Amino acid sequence: MDYDMLVIGSGPSGRRAAVQSAKLGKSVLVVDRGRRLGGVSVHTGTIPSKTLRETVLNLSGWRERGFYGRGYRVKQDISVSDLVERLHKTLDHEVEVLQHQFMRNAVKSARATARFIGANKVSLTTDNGDYSEIGFANALIAVGTRPHRPRDVPFDKTRVFDSDEMLELNRLPRTLTVIGAGVIGVEYATIFSALDATSMEQGRVAACHAFGVALPPPPETFPYGIYAVPEISTVGQSEEQVRESGIAYEVGVARFRETSRGHIMGVNSGFLKLLFSVDTRRLLGAHIVGEGATELIHIGQAVINLGGTVDFFVNNTFNYPTLAEAYKIAGLDAWNRMGQG
């Protein structure tokens, strides 16, 4: 059988490309050799690390320690089974949602290994050795990533793990050394420290491009989030980038402990930094370190993409008490030095 779109890989990019193609009225087949749909994102990367993070923060009482003291814990002895139980429930739910989304949009899927045997043809081989060939008009390769495994590192799943194998721990380590400071490395380092021990849009754009569908211009900026403990999120230009561009700028800073909500939550750390152009008064960048950073960053993202200025934060009212009030505090901090426009 021939398909309008063949997608190899069922992670965020493949998933979004498949659904976008189906919504354009195209026939779609998604091929993944994994045991279940979802790809690296669902089974070894994004979703597992974030789920483990939430479980650790909840059971360890990390969020409440600023209020009750560093000795506070919800559960005294946290085991691997505590972490794995919630992880499996989350992964099962994610796969179920993905399967329903494919069914609702008439996207077909196959568990097999795909191999190109022509410009518009692939062979599919299942784990059982079943072989078939299909044709396609367009193909999207979205096979995800895998950890780097140097040959001179003795990976043994006992003392030395890669980031995928961290999900197969049979006990919690008393000490942990993380080699590599990428997103997943930082997340796992801070997650275990608390124990005291975004691809989707690219897939949609690729599908529209394949079928000649015009897209609106991309937004000026995209947010980045690192689910460390605490969270880190950023959007727009960094202070170093603004300085190198030669733009005259002013900085506004708010610390979460300065907000009433932060005090109520017992938040002793975390801050928001806003960068504004002195000439245009526009927001150039927003950077957050602290609990809820990946949620709060979207306010800064919207203001940057809509051409908002420091006056937006000064003149508008934010819900009280909320951590989002930090935007007004940081805006006022910069506005006091910039003066009225």
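Trainee: Why is Asn 105 called buried?

Mentor: This is a predicted model, so every value here is computed from it. Asn 105 has a relative accessibility of 14%. Buried means under 20%. The value falls under that cut-off, so Asn 105 counts as buried.

Trainee: Where is Asn 105, and what does it touch?

Mentor: Asn 105 sits in the loop between α5 (80–104) and β3 (108–111). Leaving out residues up to four places away in sequence, it touches Val 19, Ala 22 and Lys 23.

Trainee: What makes α1 largely enclosed?

Mentor: Count its buried residues. In α1, 9 of the 12 residues are buried, so the rest of the structure largely encloses this helix. Among them are Ser 13, Arg 15, Val 19 and Gln 20.

Trainee: How do you know that the length of α1 agrees with what a helix should span?

Mentor: Helix α1 covers residues 12–23, and at 1.5 Å a residue its 12 residues should span 16 Å. Its end C-alpha atoms are 17 Å apart, which agrees. Just after α1, Gly 25 takes a positive phi of about 85°.

Trainee: What span does α10 have, and what is expected?

Mentor: α10 has 13 residues and reaches 18 Å from its first C-alpha to its last. That is close to the 18 Å expected at 1.5 Å a residue. Its buried residues include Leu 296, Ile 297, Val 303 and Ile 304. The cover over the buried residues of α10 includes β7 (223–226), β8 (232–236), β11, α11 and α12. Just after α10, Gly 307 has a positive phi of about 70°.

Trainee: What makes up the largest nonpolar core?

Mentor: It has 25 residues. Leu 274, Phe 276, Ile 288, Phe 313 and Tyr 327 have the most contacts inside it. β10 (271–277), β11 (283–289), α10 (293–305), α11 (310–315) and α12 (326–338) each supply at least two of its residues. A second, separate core has 16 residues, including Leu 87 and Phe 161.

Trainee: What is Leu 274 in contact with?

Mentor: Set aside neighbours within four places in sequence. The contacts of Leu 274 then include Val 251, Leu 283, Phe 313 and Tyr 327.

Trainee: Why is Ile 141 called exposed?

Mentor: Its relative accessibility is 54%. Exposed means over 50%, so Ile 141 counts as exposed. Ile 141 is in strand β6 (residues 131–141). With Phe 116 and Val 143, Ile 141 makes a nonpolar surface patch of about 300 Å².

Trainee: Why is Lys 157 called partly exposed?

Mentor: Its relative accessible area is 43%. That lies between the 20% and 50% cut-offs, so Lys 157 is partly exposed. Lys 157 is in the loop between β6 and α6 (183–194).

Trainee: What makes the phi of Lys 157 worth a look?

Mentor: Most residues other than glycine have a negative phi. Lys 157 is not a glycine, yet its phi is positive, about 60°. Arg 281 is another such case, with phi near 70°.

Trainee: Is Arg 281 buried or exposed?

Mentor: Its relative accessibility is 10%. The cut-off for buried is under 20%, so Arg 281 counts as buried. Arg 281 is in the loop between β10 and β11.

Trainee: Which residues does a cis peptide bond join?

Mentor: Tyr 320 and Pro 321, with omega about -5°. Most peptide bonds are trans. Pro 321 lies in the loop between α11 and α12.

Terms used:
Residues numbered from 1 in each chain as written. Predicted model: local features only at pLDDT ≥ 70, side-chain atom pairs only at ≥ 80, totals over all residues. Heavy atoms only, no water. Core = buried A, V, L, I, M, F, W, Y, C linked by side-chain atoms within 4.5 Å. Buried < 20%, exposed > 50% of the residue type's maximum accessible area, 1.4 Å probe, protein only. Helix = DSSP H or I, 4+ residues; strand = E, 2+ residues; numbered from the N terminus. Contact = heavy atoms within 4.5 Å. Patch = residues over 30% accessible without salt bridge, like charges linked within 9 Å, V, L, I, M, F, W, Y side chains within 5 Å. Areas by Shrake-Rupley, 256 points an atom, 1.4 Å probe, with all protein chains shown as cover. Salt bridge = Lys/Arg side-chain N within 4 Å of Asp/Glu carboxyl O. Expected span 1.5 Å × (residues − 1).
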